[in-house]
Amino acid sequence: SVLRTTLGFLDAKRAELTNPTIHQPAYDDDTAALARSSITCEVDDLSSMVARVRLGARAYAGQGVFGAASNLDPLNLALASIHTDLYSTLCRVELGLGLGVTEVHGRHIKRLKAKRKKEKLAASKVAQQESKKKELKKTSAGGMGGTASATAMSATGTVGAPGSNTQTMVAGGLANEALAYCQHTESVMLTECRKNSYQRALLQIEMASARLDDLVELEALLTDTVELLKEAKQKEDELLVHVEMMQSDDYSTPVKGRTPPAPIMISRSPNSITLAVQPFKLHGSHNSKVAPIHHIKLYGKPSGAGTDVSLNNTDFPGTGVAIMYDEKTCASSPIT
């Protein structure tokens, strides 16, 4: 509970560091710095070059945005390192607790099976004694019945006797069920990761430590972990395209056409995303027959959910809401 609460505080703090509503960036470089910090902790060559320029602009060590949160990059990197260590610790604790509960449950089941086995053995002995009494009565009467009954009694005693094959199979089954990890706990935590490839990779690294005796499963798990890290890096690269657009020379030049271009992402957090409308001018807006742009609406839906975005995709908060648009400056307020 303490670890999960602390991780929640870290999420909130890192979201504040890159929240454009709090910092109110006045320059495209500032907006790009916030956007990049919300996507990755890596500092590219361009950021380093801009950092040298900012050394004379009251920016601590040339990092961050002008005049506010100037230590953005090193602070975000430090928090990210703490975040990683805390989540790895949470995984170890949760997996350890799950394994402990499984072991206690396994011992309880084993005791129940042993108790039931004793009860069956005792019932079998009582049945054998009753059978012996009946057979003795029949034997005293003489004849073939005694021989047949003795054979049946012997067969009955063999099946229920201690140390038989049946008991050996049960004992072997109990031994095979003893695992070094709890499958249920792992399944629950993997579900909690959702589509966060980094969290899933960290969790699987901790899961691998419980599979050192099974090299085949260990190799498969670590191979999948490497693929998850590559997938996370690929997603970051796709999002960094938005940052490159903001840093391009022609970003402030309005796009002309009949349909507004797709919005760009300027920040993200564990539970939100902030978008901004690209500068846009309606083709022929200076013509008296074409009315100027009054507002713009954003629409969105989860990725990979069927067809393209339509006017019906207003499930997310903020979608389908009119955003006032300044026709002269080609600017609008960001939406989260």
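Start in helix α10. D237 and K233 sit four residues apart there, so about one helical turn separates them. Helices here are DSSP runs of H or I with at least four residues, strands are runs of E with at least two, and both are numbered from the N terminus. D237 and K233 form a salt bridge, with the closest N and O atoms 2.8 Å apart. By salt bridge I mean a side-chain nitrogen of Lys or Arg within 4 Å of a carboxyl oxygen of Asp or Glu.

Some ground rules. This is a predicted model, where local features need pLDDT of at least 70 and side-chain atom pairs count only at pLDDT 80 or more, while totals for chains, interfaces and linings use all residues. Residues are numbered from 1 along each chain as its sequence is written, and side-chain values use heavy atoms, leaving out hydrogens and water.

Now, are D237 and K233 buried, partly exposed or exposed? D237 is partly exposed, at 35% relative accessible area. K233 is partly exposed too, at 30%. The cut-offs: buried is under 20% relative accessible area, exposed is over 50%, and partly exposed is in between, with a 1.4 Å probe and protein chains only.

Salt bridges with shared partners also link R4, E94 and E192 into one network.

Back to helix α10. K235 and E231 both lie in it, four residues apart, about one turn. They form a salt bridge, and their closest N and O atoms are 3.3 Å apart. K235 is partly exposed at 35%. E231 is partly exposed at 34%.

How many salt bridges does a search of the whole structure find? Seven.

One of them joins R211 and E186, with the closest N and O atoms 2.8 Å apart. R211 lies in the loop between α9 (197-208) and α10 (215-247), and E186 lies in helix α8 (residues 183-193), so this pair ties together parts 25 residues apart in sequence. R211 is buried, at 6% relative accessibility. E186 is buried as well, at 5%.

Why pair at all? Side chains of opposite charge can pair when their charged atoms come close.

Last stop, the strands. β5 (residues 295-297) and β6 run antiparallel, joined by three bridges. Strands count as paired if DSSP finds at least two bridges between them. H295 stands opposite M324 in β6.

Look along β6 (residues 322-326), where side chains alternate. I323 and Y325 point to one face and are buried.
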